[in-house]
Protein chains: 8
Amino acid sequence: MLEVAELDLGRAERRGYPEAIYCEGKTPEQVRAIAERLREAADDGTTTGVVLFTRAAPEHARAVLDVLPDAAHDEASRLLAWPPEPPLPTGTLVAVFCAGTSDLPVAREAMLTARYLGRETELVVDVGVAGLHRVLARRGLIERAGVIVVVAGMDGALASVIAGLARAPVVAVPTSVGYGAAFEGLAPLLSMLNACAPGVGVVNIDNGYGAGHLAAQIAAR
Amino acid sequence: MLEVAELDLGRAERRGYPEAIYCEGKTPEQVRAIAERLREAADDGTTTGVVLFTRAAPEHARAVLDVLPDAAHDEASRLLAWPPEPPLPTGTLVAVFCAGTSDLPVAREAMLTARYLGRETELVVDVGVAGLHRVLARRGLIERAGVIVVVAGMDGALASVIAGLARAPVVAVPTSVGYGAAFEGLAPLLSMLNACAPGVGVVNIDNGYGAGHLAAQIAAR
Amino acid sequence: MLEVAELDLGRAERRGYPEAIYCEGKTPEQVRAIAERLREAADDGTTTGVVLFTRAAPEHARAVLDVLPDAAHDEASRLLAWPPEPPLPTGTLVAVFCAGTSDLPVAREAMLTARYLGRETELVVDVGVAGLHRVLARRGLIERAGVIVVVAGMDGALASVIAGLARAPVVAVPTSVGYGAAFEGLAPLLSMLNACAPGVGVVNIDNGYGAGHLAAQIAAR
Amino acid sequence: MLEVAELDLGRAERRGYPEAIYCEGKTPEQVRAIAERLREAADDGTTTGVVLFTRAAPEHARAVLDVLPDAAHDEASRLLAWPPEPPLPTGTLVAVFCAGTSDLPVAREAMLTARYLGRETELVVDVGVAGLHRVLARRGLIERAGVIVVVAGMDGALASVIAGLARAPVVAVPTSVGYGAAFEGLAPLLSMLNACAPGVGVVNIDNGYGAGHLAAQIAAR
Amino acid sequence: MLEVAELDLGRAERRGYPEAIYCEGKTPEQVRAIAERLREAADDGTTTGVVLFTRAAPEHARAVLDVLPDAAHDEASRLLAWPPEPPLPTGTLVAVFCAGTSDLPVAREAMLTARYLGRETELVVDVGVAGLHRVLARRGLIERAGVIVVVAGMDGALASVIAGLARAPVVAVPTSVGYGAAFEGLAPLLSMLNACAPGVGVVNIDNGYGAGHLAAQIAAR
Amino acid sequence: MLEVAELDLGRAERRGYPEAIYCEGKTPEQVRAIAERLREAADDGTTTGVVLFTRAAPEHARAVLDVLPDAAHDEASRLLAWPPEPPLPTGTLVAVFCAGTSDLPVAREAMLTARYLGRETELVVDVGVAGLHRVLARRGLIERAGVIVVVAGMDGALASVIAGLARAPVVAVPTSVGYGAAFEGLAPLLSMLNACAPGVGVVNIDNGYGAGHLAAQIAAR
Amino acid sequence: MLEVAELDLGRAERRGYPEAIYCEGKTPEQVRAIAERLREAADDGTTTGVVLFTRAAPEHARAVLDVLPDAAHDEASRLLAWPPEPPLPTGTLVAVFCAGTSDLPVAREAMLTARYLGRETELVVDVGVAGLHRVLARRGLIERAGVIVVVAGMDGALASVIAGLARAPVVAVPTSVGYGAAFEGLAPLLSMLNACAPGVGVVNIDNGYGAGHLAAQIAAR
Amino acid sequence: MLEVAELDLGRAERRGYPEAIYCEGKTPEQVRAIAERLREAADDGTTTGVVLFTRAAPEHARAVLDVLPDAAHDEASRLLAWPPEPPLPTGTLVAVFCAGTSDLPVAREAMLTARYLGRETELVVDVGVAGLHRVLARRGLIERAGVIVVVAGMDGALASVIAGLARAPVVAVPTSVGYGAAFEGLAPLLSMLNACAPGVGVVNIDNGYGAGHLAAQIAAR
């Protein structure tokens, strides 16, 4: 087990944000070993702040909860956080816009990540471009936010539409929602990279964690 | 020369729409020979209706105009029509929405094709999604049209936005306008194929002729 | 649950066609909640016309039928419609041509969508290009239709062949039927986008719903 | 110069077909040196049969003709043959079907290659699928041929249509004719690889030489 | 069931080769119905020659064997043939070269197809390019064959190597054997399309049936 | 000319940032007309702040400078700005890291855009990952910056390396610098989207303007 | 069974390295038959050195262990070796750097292959670029190694970073670890092929065996 | 000019190999400035060993030769070296195999790079797989070499064939030689990555410099 993972416990100090454990591709045993080392580090006072476990399948979650039973667990977004309490929010508001119901797990991952990294968050669901009035009805939130996360699959058009309305920077998350020529998220990825309105930074397909992290950094000041 | 091209002069009767000559990949001599055969057919009374020459480079255009000096020539869209007079319009209105100035050649090709195939047309330029108010200001036209052609490069988001507002079917034309991850029109092509609003039929990248033809067929009745 | 979906109940009025619920990527619980809201809206008289549930897996179908037990359910195409009676047909005929038996689920989805949106439909199966005489034997139908939906995988050649014979516009649906270099439907998608006969509008791979919707719009007048 | 090319002069004996010199990517000087060595080999009686120079740009052609002034040169297909006389034809008929005028250079390359490799050939031009009656009018030739070469760009549908009508094997050549989603010949390549009728062997995009060679081998017996 | 499939029973007469039923994507019930119609046609004397069922999963095979219990069934290649006896071979020899053990199912499908279409066949296994001496040891067979089918995944190099040694035409079948940058057969597909030796016709990835059919046609005379 | 472009002069007020004119794909005449309208708007007092002309070829630049002779022109990045004076900087520092000399035009476009949008900027050149000590020598700047723009082609690894060291958000710009398997910028694009350190937002290939705009928004507060 | 596999038992002598059996795509029965032939060959004294079974699923492993019960089996990397003892190491040190825990199976396959081919090996885990200090802390090993294997998914940046620090050649193994725009390993593959530091040779995605083999060859002298 | 390039003059000491200047994408002025700094460093005694300028267009070459008139210049491979004398060779032999004449520029770049980095080299041209006897005739060289560089476009099969014969490691260089489905070198790149014989490390398409560098490192000991 010694060779499995070299935790970067000094990262919170170096980069200002805590470590996250990406569970996919790890065995439950490896995840459990990491959880144990985290608990030991916490007992020693080595780490500070919240640690996230992302993309945790049920068996990963069980391994974490066995070791850290008070961890918070959001099943939809496969996220665990420990300690379970998010810090008191600082910085500006992170608004998360979610195009369709199927994009919700990714949107929740973004929102929870930003929250656990210390930001106030607000989530709006099912505001796809096909019903433009739903977007326009949120102009107040668009103006109030310090950064906007847009989560959309299929045509990814919501990123362009919102960036065209916003003063704040937009973090765009393409999702693998869709089929056929969506090519597992390629369509919204390309669409967002080519957003006709400037002010859009794109993260990987389905990368709610990365979007929440980047949004938290942008909204820090 | 005999082996060059077998004109489908009966096509107007069979399909209801005249032949078009795609010039790209043909030598000017081949185009000239076709023009000559068309003039002969017209002298014999074999063909009816307008014939279009599409994607005509300047040397193609000169070859056509040498033989058919009264042909109409739109340089921006590289289109020639002969005889030069479009027929009296029938059917419903074909509205062409063009996202940006750079998309204009393709949009004009679509508009002129529909017009020469017998439809009334209206063209709106520079109504990209980045400035949504420009689109919303055209709601009257969107409601009035029998079919809407949307021409857009980059994110191709305009197709989704307009389809979400329209009762009429939308013919979407992705363009090669853009760079980098637009991949010569792949980005708007995929975006339009994944339009989150139903009612969108997509044609090939930069295919203004095909869009105008399809729109004319849809607006025929 | 409140954050799950914001139904666009005014869409029938705005766009002239009712809402459809895309089930893939939604949990059965989310689909059930939507069905309940629809029933409430119907009880309140808020919605009009038929609502479709598309790409419903068996567990989605059960959730819908629990709430709306009289919904019509076509298992092959994974479609449910409620209320179950299609409206009386208006407009012109929607003809659906299906290249092979394996394309049938998509073809049925197109046909049923058009029917529930108020059109008369006719479906022809197994008319692939490999046996051209089967296509040629349907020339009567090709001439009679107001719009033709072509459903084909593999080489997608049927779209070109039928468009070359038809006066009516063609809506082409590539399917993921095939293997290897069909690349999950990419081959017929590209083939249809490059149809050598004009008059073809393409929808997403396997998108029977979108094709039926577009065809219904085209055949409306 | 010694390190430039090691001619495979024994190939005619080993494989039964003579060497061809692919000029693209070679300098005119390199091509000239090869021509000189060929002439020397002929003077020595080392080689037998015709040698082809393929994809010869005008400067390549000049280099060849300087050394071998009686070489036959077909400018459209960029092919040179020396000695200029094709052998007396043996085997069965090679029929070449060319979908559009723009595909003609590739079709001629296929036809001439087969002819110089000793087959009788027949070329039909502009028989695209959009005008199906043109194909059907050639059923006699389709039945008479020992092998059929189909040259087509865009949707590549002609290969499927002809294979569905023929008893003879079909050699399909996708061309880079087209634009946008034809992706430099990818669309007809995939279409032909997925031909719904069996009996189709595909060669590289624009590879008229390879198609003519393969057809000559098939028609040898 | 009536709408399921329109069997092309006249195909044997028209093209000279019998129909094959592609099972993938069909339900076992659909396959059973086709088998029943075939048996009825045989009882009526309508069809002649062998019919093949390709890509038959175990449940498809059971459906066929229920109706046609004497059908021949090769599990490795998922092929069934009925009647079970191949015709007496005519024409020249079809040699099938298989690069690795994992390519064997596809190679067997090619060999059996050619055999049931009336050719003599010979299969050589595990002659990959990594051990060139194994290929060179088969030069006698390479010279004796009327057509050679090469089945290979990964680098697909065997097609080039054998075509460089053979007088006979080569039918190349890329397989999905491999991983990573083999991209489900894309690597050998491209490699074979770019074979540096002429005389190679390529079929779809894993398309043993198509390769056997084409080889049988080539070897017919 | 009237139909060419509908300037979004209210954008500065709506989004907080001025309009930019993307010159590629526009004719010099169209660019000149836009410049004239801008000058008129400035005379009328309709616009506020700087307007940028991006991707201006020499002929575009001449057209702008004819109308607005005092415009600032950076030839390397093909950028023009008018009025030529950038505003007094506000917000935090925008640091631009440029991996190689060939990436410099894109890096300068990013830097100048941020400067004209009101930020203080600092540019570091030739700090590729191959010489890691050059990056590590800039740790002071990495800590001081409010946002970091990373411009890199080829492997795009600089984005990951810097994000792993920084507290500030990173805007990553892949460039088309490279050849072969860089696929016109696809390699660094994918690499940056998959940066193993969180906190990276990606813009389109070669999109220095978009990166500078996004960085200016992030550094605003 | 006779047709299944033609073992290349002379390969150790010809190439200097023993045969490996790639289990994926083989049935357990085929693998068992190979194991039996190996044991017979060993009994006869025909083979020398270790034989590896790679990518062995549990059922493959059982088949091998049934026949060769003393074979060594590393479950994580799905590798079996027989005889189980690696040879005494010769040549220089093979250092394996593994970017993340999820890349460990591939890294172990590389390390074990090199060890069984006769090299001393050293494995370092979890030294991703996001925490650069972990890489820099291994400079001693980087200088000491005769060849370095770098195993990384996602951005693949570790290969560039280590090559920029090393005098020894680097063998880079992209892995399929990641999601979305990692496209099953395409992102690190392209990144490594475009490494900005020279001295990197790339093997197939997840090809730990190939990397270990190549490294063993390089470190032989 | 100060911001243009930060030369890594300590690289020879750190990595053991001198710096190379990649000219593509640099202006001639930038290349000249670098040449001047190199001359100054040489005058100061700061650098040691040869410096290479790669991918130098004629205007780059003139800029270098203006400043360093005694530099060696190989026009075919666009390489310049200064000082012009390669070091006395150490280590083992680097053998370069070049599949076709068109691949020669890349092969020469590899050979010259290895030579200037201190190795003995030997170049063999036109040994494509289509004429296998040419490869087999070089078995002596294959056995004698310490490392083998294989340069091939199109099917890239030469890498597999040679690796299957060699004890030494193979560095494979795919080239962009070919057309159509060679996709600018993608076909040989994938083929080489999937070489069925182990012992192949692949570099970027057309990357002769990288191959020569890696080969020199491998052959160092």
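These legends walk through several close-up views of a predicted model. Local features need pLDDT of at least 70, side-chain atom pairs count only at pLDDT 80 or more, totals for chains, interfaces and linings use all residues, and side-chain values use heavy atoms, with hydrogens and water left out. Residues are numbered from 1 along each chain as its sequence is written, while chains are lettered from A and ligands numbered from 1 in the order in which they are written.

**View 1**
Let us start with a feature from a record. In an unreviewed entry, UniProt places "domain: PurE" at residues 92–221 of chain A; UniProt positions are given in the numbering used here, feature names are shortened, and annotations may be inferred rather than shown by experiment. Over residues 92–221, chain A is 40% helix and 18% strand. Helices (H or I, at least four residues) and strands (E, at least two) are DSSP runs, numbered from the N terminus.

**View 1. Four glutamates in a negative surface patch.**
Which residues form the negative surface patch? They are A:Glu184, C:Glu184, E:Glu184 and G:Glu184. A patch is made of residues with over 30% relative accessible area and no salt bridge, with like charges joined within 9 Å and nonpolar side chains (Val, Leu, Ile, Met, Phe, Trp, Tyr) within 5 Å. Asp and Glu count as negative and Lys and Arg as positive, while His and the chain ends are not counted. The place of a charge is taken as NZ of Lys, CZ of Arg, CG of Asp or CD of Glu. Accessible areas come from the Shrake-Rupley method with a 1.4 Å probe, and for residues only the protein chains shown count as cover. In chain A, A:Glu184 sits in the loop between strand 8 (170–174) and helix 8 (186–193). A:Glu184 is exposed, at 62% relative accessible area; exposed means over 50%, buried under 20%, and partly exposed in between.

Is helix 8 of chain A mostly buried or mostly exposed? Seven of its eight residues are buried, so this helix is largely enclosed by the rest of the structure. Among the buried residues are A:Pro188, A:Leu190 and A:Met192. In chain D, helix 8 (residues 186–193) is mostly covered, with seven of its eight residues buried. Look for D:Ala187, D:Leu189 and D:Leu193, which are among the buried ones there.

Side chains of opposite charge can pair when their charged atoms come close. A salt bridge here is a side-chain nitrogen of Lys or Arg within 4 Å of a carboxyl oxygen of Asp or Glu. How many turn up in a search of the whole structure? Over all chains, there are 48. One of them joins C:Glu24 to C:Arg55, with the closest N and O atoms 3.8 Å apart. This pair links distant parts of chain C, 31 residues apart: C:Glu24 is in the loop between strand 1 (20–22) and helix 2 (28–44), and C:Arg55 is in the loop between strand 2 (51–54) and helix 3 (58–67). C:Glu24 is partly exposed at 29%, whereas C:Arg55 is buried at 8%.
In chain G, G:Arg78 pairs with G:Glu24, the closest N and O atoms being 3.5 Å apart. These partners are 54 residues apart, and G:Arg78 lies in the loop between strand 3 (72–74) and strand 4 (79–82). G:Arg78 is partly exposed at 33%, and G:Glu24 is partly exposed at 29%.

**View 2. A buried pair in chain H.**
H:Arg134 and H:Asp126 meet through their side chains in a salt bridge (3.7 Å, N to O). H:Arg134 is buried at 8% relative accessibility, and H:Asp126 is buried at 12%. For a network, turn to chain A, where salt bridges that share partners join A:Glu24, A:Arg55 and A:Arg78.

**View 3. Backbone details to spot.**
Which residues does a cis peptide bond join in chain F? They are F:Trp82 and F:Pro83, with omega about -5 degrees. F:Pro83 is in the loop between strand 4 (79–82) and strand 5 (94–98) of chain F. A cis peptide bond also joins G:Trp82 and G:Pro83, with omega about -5 degrees.
Next, find C:Arg78, a residue other than glycine with a positive phi, near 55 degrees. C:Arg78 is partly exposed at 34%. D:Asp126 has a positive phi near 65 degrees and lies in the loop between strand 6 (121–125) and helix 5 (132–136) of chain D. At 12% relative accessibility, D:Asp126 is buried.

Terms used: Buried < 20%, exposed > 50% of the residue type's maximum accessible area, 1.4 Å probe, protein only.
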